[in-house]
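Take a look at the model below.

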Amino acid sequence: DRRFVDHKRETCGTRRKRHISLHYTLAPEPQREIASGAAMAPSTCQDMAMLVDLNEETVISNLVTRYEQGDIYTYTGEILTSVNPCCAMEGLYSADNMMSYAGRMLGGAQAPHLYAIAEECYRQLVKTQSHQGLVVSGVSGAGKTEANKIVTQYLCWRASHSAGQIGRKMKLSPAAINAARSMEGGGYEGLDTLSQRILTSNVVFEAFGNAATTNNPNSSRFGKFVRLLFDPSGRVQGARINTYVLEKSRLVLQCPQERSFHAIYQLLSLAASDPAKASSLKLNGPDGYWYTTQSGRMTIEGVDDAADWAATLSALSSLGLSDSELLELQKVMSGMMHLGNLKFEDLEKEAGGDGSKLEESEGVHCALQALTSLWGLEPDLTATSLTSRRMDSKRGSSYAIGITGEKATMTRDALAKAVYHAI
């Protein structure tokens, strides 16, 4: 907590060999006086590649100082480091700020920003006609999901308007300005249809792939590789989004004070927001299912699951799913939740050995009836399939072998995870 306040440089020696000594006077850091007005902000470096000493201490000190000044982005060459403020930053992602980066080179007079990185990527794409790559990495809660959305939005906006134009002399058309204003308000009017569909897909991925953890209320529980395809003129011609390592286990088991995937609670919110539709889908509230009551957390502060489900269905519809397909999707998800309410008990030795059966309770009976009705299955055959496994003999015949209640429960959860992964 001390700073160098003055120094004196002395040089001695011959031309062949010089000795330089630096004398510093240390003084306590002056206290900021809030009452007398804002203190002068300490100097920072917006590109840490320019630091005289580039080490862990100077990097962290620079990031902290910039963060305290409201600057969450900092360069290290072409690497952009961001410190998640965990709150809204007024004007940081405004239309005016986004448009100010169009055509500008990285590292110029503009402050470090995701827009600058995206612009440099697009500029190199158009200039060199070669592939470009952006890697977004960080710990849970660092802001990877939001960063990915912001970069994709900028690239789609840039490619929809002033495509292929680079350099400071480029001028944005009225259509580009109106599109930027629309994006600031959360809409995609003014973008081409393909760009709109690409950006709309983020809603779907967040609903089915994100969940609330103790560190992050919107944590991505899967990996995503987004490939945007451009023509030589710089316009978007297609996209491919690959997902991998989905945390399927979260569907059937969550840590305390965490939630399963957002889409589950969004669907179950129909029990309160639309009872008639919930009845047709045989839906209960989140407190009616084993898969959503284990962790003790069913809501997220400030989040309206019912409104989010309407947005998710609208996004799916814009991506090409018909009304009948959306209905089938909701039936499959509802049946999956009832599947989790099935419980098993081991058979007594006198009753047949090492097998198991469904518990004889009203709750389990209702869950089985709802599941088989929604999925179009036979109740008896479903119960048998979950409590036994088939063995094939060398002679070509097959026969069923009973499994314990513990293994039947594992089979139930494996089926639920496979269904959700297929969705």
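## The model

This is a predicted model, in which local features need pLDDT of at least 70, side-chain atom pairs count only at pLDDT 80 or more, and totals for chains, interfaces and linings use all residues. Residues are numbered from 1 along each chain as its sequence is written, and side-chain values use heavy atoms, leaving out hydrogens and water.

## Helix H6

Helix H6 covers residues 193-209. Helices are DSSP runs of H or I with at least four residues, numbered from the N terminus. The expected span is 1.5 Å times one less than the number of residues. For the 17 residues of H6 that gives 24 Å, and the end C-alpha atoms are 24 Å apart, so the two agree.

Asp 192 caps the N-terminal end of H6. One of its side-chain oxygens lies 3.2 Å from the backbone nitrogen of Leu 194. Buried residues of H6 include Ser 195, Ile 198, Val 204 and Phe 208. Buried means under 20% relative accessible area, exposed over 50%, and partly exposed in between (1.4 Å probe, protein chains only).

## Ile 300 in its loop

Ile 300 sits in the loop between helix H11 (290-293) and helix H12 (305-318). Its relative accessible area is 8%, so Ile 300 counts as buried.

Ile 300 and Ala 212 are 88 residues apart in sequence. In space, their C-alpha atoms are 7.6 Å apart. Leaving aside residues up to four places away in sequence, Ile 300 touches Ala 212, Pro 217, Arg 259 and His 262. Contact means heavy atoms within 4.5 Å.

## Tyr 244

Tyr 244 belongs to strand E8 (residues 236-244). A strand is a DSSP run of E with at least two residues. Tyr 244 has 46% relative accessibility, so it counts as partly exposed.

Methods
A polar contact is a pair of N or O atoms within 3.5 Å; within protein, one must be able to donate a hydrogen and the other to accept it, and residues adjacent in sequence count only if both atoms are side-chain atoms.
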